[in-house]
Amino acid sequence: MKFLSLYLFSLLQTSAFASLNPLVIKGSKFFDSVTGEQFYFKGINYQPRTGATSKIQDPLADEVGCKRDAKIFAELKINSIRVYETDSSLNHDVCMKTLEDAGVYVMIDVPTPFYSVNREDPSWDIDMLNSHKLKVKEFSKYKNVVAFIIGNEVTNSKLNTPASAFIKAALRDIKTYLKSIKVSIPVGYVDNDDEDIRLSLISYFNCGDDQNARADFYGINTYRWCGPNATFKSSSFDKMIEPFKNYSIPSIITEFGCIGDEPRKFNEFKSILGPDMENISSGGLVYEYSQEENNYGLVKVSYGNSDIEKLKDLENLKNVLSSINPKGIKMNNYNPSNKISDCPPISDNWKVSKNLPPSPSEEACSCMIDSLSCNLDSEFSISDSSKAKSLGDTLSYICASISCSDVSHNTEKGEYGDFSFCNPVQRSAWILNANYINQKKQNSTCQFNNFKTEIINSPKNKDITQCNKLNNSVNNDPKSDNSNSTEGDSNNDDEGSNNNDGGSKNSDEGSSTSTKSSNQSNSQKYYTLNLALSTIVITALFCGVVY
C-alpha cells in the first residue's frame with residue numbers, strides 16, 4: 001500500500017495544544033502517522049466577507065481577524081477550516097502561524113475570482129495554470145495546509161458536465177507540479193450533491209490510469225439534513241453516503257448546515273462523526289463561520305476589526321462537538337482493498353469522455369502567435385467590453401464557415417485542438433489568421449471596424465506545425481501575477497462561475513444549488529471571449545465544420 005504523506009498535523013484536544021503529528025492517507029482514511037489513530041475533520045468553512053474591500057477577499061491576510069477568530073476555534077475545539085478565496089500575492093505568515101498555534105489546519109480552494117474554470121464556458125489555459133501554481137506554491141510552505149481543492153461545484157447540473165474535463169485536467173497538472181517541487185499535499189474536488197450527476201462525478205474523479213488525474217480526496221457540499229427532527233434516514237444522508245462505502249479515497253462532507261429551521265442543532269455532525277458514517281467518511285466542516293447576507297453565520301465579525309458577536313448557532317455547535325469523539329480504526333489494523341472507480345459512460349446526463357484536455361504550453365502558444373500573418377493589435381484589451389463583444393461576434397461568424405478545430409474542443413468525443421489551451425486572446429488571433437489565410441491574405445480580411453489588427457508580412461515562425469511539439473508548462477516556475485489588483489470587477493453575477501466563496505443555499509430538494517452572493521469568487525477572467533469561443537464550438541458542431 002502506497003501512502004500519501006501530508007505535511008499537516010492532528011489536533012490534540014487538551015487545554016493546551018501539544019506538538020502536532022504528520023498525517024498520512026491510507027486507502028480511504030486519514031491517520032496520525034505517530035499514534036496510528038484515524039483522523040477526522042471537525043471543522044468550519046471560513047470566509048469572512050463583511051468589511052472586505054479588495055477584489056479578492058482573503059481572510060488569511062487579515063491578521064487582526066485571524067487572531068480574533070482563533071480564540072473561537074479553540075473554544076469550539078475544531079481542528080480544521082476551509083478557506084474559499086485567497087490572494088497568493090499577499091503575506092499569510094501571521095495568520096497561518098496563529099492557526100497552527102491554535103491546532104487548526106487549513107483546506108485551500110485554489111481558483112481565484114479571475115482565474116478559474118467557468119462551468120458554462122470551460123477551458124484550461126496557460127493563464128489559469130500559472131495562477132493555480134502561484135496559489136499552491138504560496139500555501140505549500142505552511143505545514144498546517146491540509147489540502148487543496150481544485151474545484152467547487154463547477155459541474156452542478158447535467159447541463160454543464162463538460163466543465164469536469166477541464167477541472168480534471170487542472171487536477172492532473174497541479175498534482176504533477178506539486179510533485180515536481182516535492183510537495184505532498186493532497187488535491188481534491190468538491191461536488192454539490194446533485195442527484196442527476198453525483199454518481200458520475202464521484203466515479204469520474206476517481207477513475208483512469210493516470211494517478212495524477214485522480215483526486216486524492218472527494219468532498220460533498222450537502223444540505224439534505226434540515227430541521228431538528230431530521231434523522232440519518234429521513235434526511236437521506238444514508239443515500240448520500242452510500243456510494244462512498246467502497247470508495248478508494250477519503251470522502252469529506254465539505255459543507256453542511258441547512259437553515260430551513262432555526263436555530264440549527266447540527267445533529268448531522270453526530271451522524272458524520274458517529275456510528276452512521278465514521279467508518280465511511282473522514283469528517284466534515286460546517287457552513288459557515290461568519291454571518292453574511294445568506295444568514296449561515298455562527299458569529300458576526302468585520303474584516304480588520306477585533307470585535308466579535310456570538311450568535312445562537314455557535315453554542316449549539318459547541319455542544320454537539322463536545323459530545324462526539326469518533327475512535328475509528330488503528331492504521332496497522334486497516335487493510336484497504338477498494339479499487340479505483342470505472343469511468344462513467346457517455347449518456348444524456350454525462351457528456352465527458354475519458355480523454356482529457358492537454359496540459360497548457362506557453363511555448364506552444366507563443367510559437368503559434370509568432371507564426372501568424374494576421375494578429376490582434378498589441379494594444380487590444382479585454383477590459384474594453386464593446387471591443388471584446390465585437391471580436392466575439394466576428395469569431396462566431398468566421399467559425400461558421402471555416403474549421404476552428406485547432407482552438408476548439410468536444411468533451412463528448414474527447415477531442416481537443418492543438419492550441420485549445422492557449423488563452424482566449426491567443427485563440428482569437430488564431431481564428432482571425434485562419435480566416436485571413438483562407439481568404440488568400442486579402443488585406444481587407446484582416447481589417448475590422450471595432451477592433452484593431454495588424455498584418456505581419458514576415459512572421460518570426462514559418463512553420464506552425466512544429467508548435468504543438470513543444471514542451472508543456474506544467475513544471476515551469478510560475479510567473480508573478482498582478483492581475484488580482486489590476487483587473488476589472490469579476491463577472492458572471494449568475495450561476496455561471498465556479499462558485500467558491502460560499503453563499504445562499506437552497507435545501508428544498510436536499511442539495512446545494514450553488515446560488516452565491518453577488519461577489520462571485522470564481523468568474524472567468526476572459527469571460528466575453530470565452531463565451532464567444534464556447535459559442536464557436538456549438539455553432540461549428542451544428543454546422544458540421546469543426547468535427
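The model is predicted. Its largest nonpolar core holds 88 residues. Its aromatic rings make 24 pairs. Two of its peptide bonds to look at are cis: Glu 262 to Pro 263, and Tyr 287 to Glu 288.

**Nonpolar cores**

- Seven of the 88 residues in the largest nonpolar core touch the most other members: Leu 60, Ile 81, Phe 148, Phe 205, Tyr 218, Phe 269 and Leu 317.
- Helix α4 spans residues 163–180 and gives the most to this core, with ten residues.
- Another core lies apart from the largest one. This other core has 28 residues, among them Ala 364, Ile 398, Ala 429 and Ala 434.

**Around Tyr 218**

- Tyr 218 is one of the residues that touch the most other members of the largest core.
- Leaving aside neighbours within four places in sequence, Tyr 218 is in contact with several aromatic residues, including Tyr 189, Phe 205, Phe 244 and Tyr 247.
- Other contacts of Tyr 218 include Asp 191, Leu 201, Ile 202, Ile 249, Pro 250, Ser 251 and Ile 252.
- Tyr 218 also belongs to an aromatic cluster with Tyr 189, Tyr 204, Phe 205, Phe 244, Tyr 247 and Trp 350.

**A helix pair: α1 and α8**

- Two packed helices are described by the angle between their axes and the distance between the axes.
- Helix α1 covers residues 63–76, and helix α8 covers residues 312–322. Their axes come within 9 Å and cross at roughly 40 degrees.
- That makes α1 and α8 oblique to each other, because angles under 35 degrees would count as roughly parallel and 65 to 115 as roughly perpendicular.
- From α1, the contact uses Ile 72, Glu 75 and Leu 76. From α8, it uses Leu 314, Leu 317, Lys 318 and Leu 321.
- By class, this contact has five nonpolar, no polar and two charged residues.
- Leu 317 of α8 is also among the core members that touch the most others.

**Aromatic pairs at Tyr 287**

- Tyr 84 and Tyr 287 form an edge-to-face pair. Their rings are 6.5 Å centre to centre, with 75 degrees between the planes.
- Tyr 84 lies in the loop between β6 (80–83) and α2 (93–101), and Tyr 287 in the loop between β12 and β13, so the pair ties together parts that are 203 residues apart in sequence.
- Tyr 287 also pairs edge-to-face with Tyr 296, at 5.2 Å centre to centre and 75 degrees between the planes.
- Are Tyr 84 and Tyr 287 buried or exposed? Both are buried.
- Tyr 287 has a relative accessible area of 0%, and Tyr 296, also buried, has 1%.

- Most residues other than glycine have a negative phi, and most peptide bonds are trans.
- The bond from Glu 262 to Pro 263 is cis, with omega near -5 degrees. Pro 263 sits in the loop between β11 (251–255) and α7 (268–272).
- The bond from Tyr 287 to Glu 288 is cis as well, with omega near -10 degrees. Glu 288 lies in the loop between β12 (283–286) and β13 (299–300).
- Asn 295 is not a glycine, yet its phi is positive, at about 65 degrees. Asn 295 is found in the loop between β12 and β13. It is partly exposed, at 41% relative accessible area.
- Lys 440 has a positive phi near 60 degrees. Lys 440 is in the loop between α11 (424–438) and β18 (453–455), and at 72% relative accessibility it counts as exposed.

Conventions:
Residues numbered from 1 in each chain as written. Predicted model: local features only at pLDDT ≥ 70, side-chain atom pairs only at ≥ 80, totals over all residues. Heavy atoms only, no water. Core = buried A, V, L, I, M, F, W, Y, C linked by side-chain atoms within 4.5 Å. Buried < 20%, exposed > 50% of the residue type's maximum accessible area, 1.4 Å probe, protein only. Helix = DSSP H or I, 4+ residues; strand = E, 2+ residues; numbered from the N terminus. Contact = heavy atoms within 4.5 Å. Axes fitted to C-alpha atoms, helices over the stretch in contact; angles between N-to-C directions. Parallel < 35°, antiparallel > 145°, perpendicular 65-115°, else oblique. Nonpolar A, V, L, I, M, F, W, Y, C, P; charged D, E, K, R; others polar. Phe/Tyr/Trp six-rings, centres within 6.5 Å; stacked < 30°, edge-to-face > 60°.
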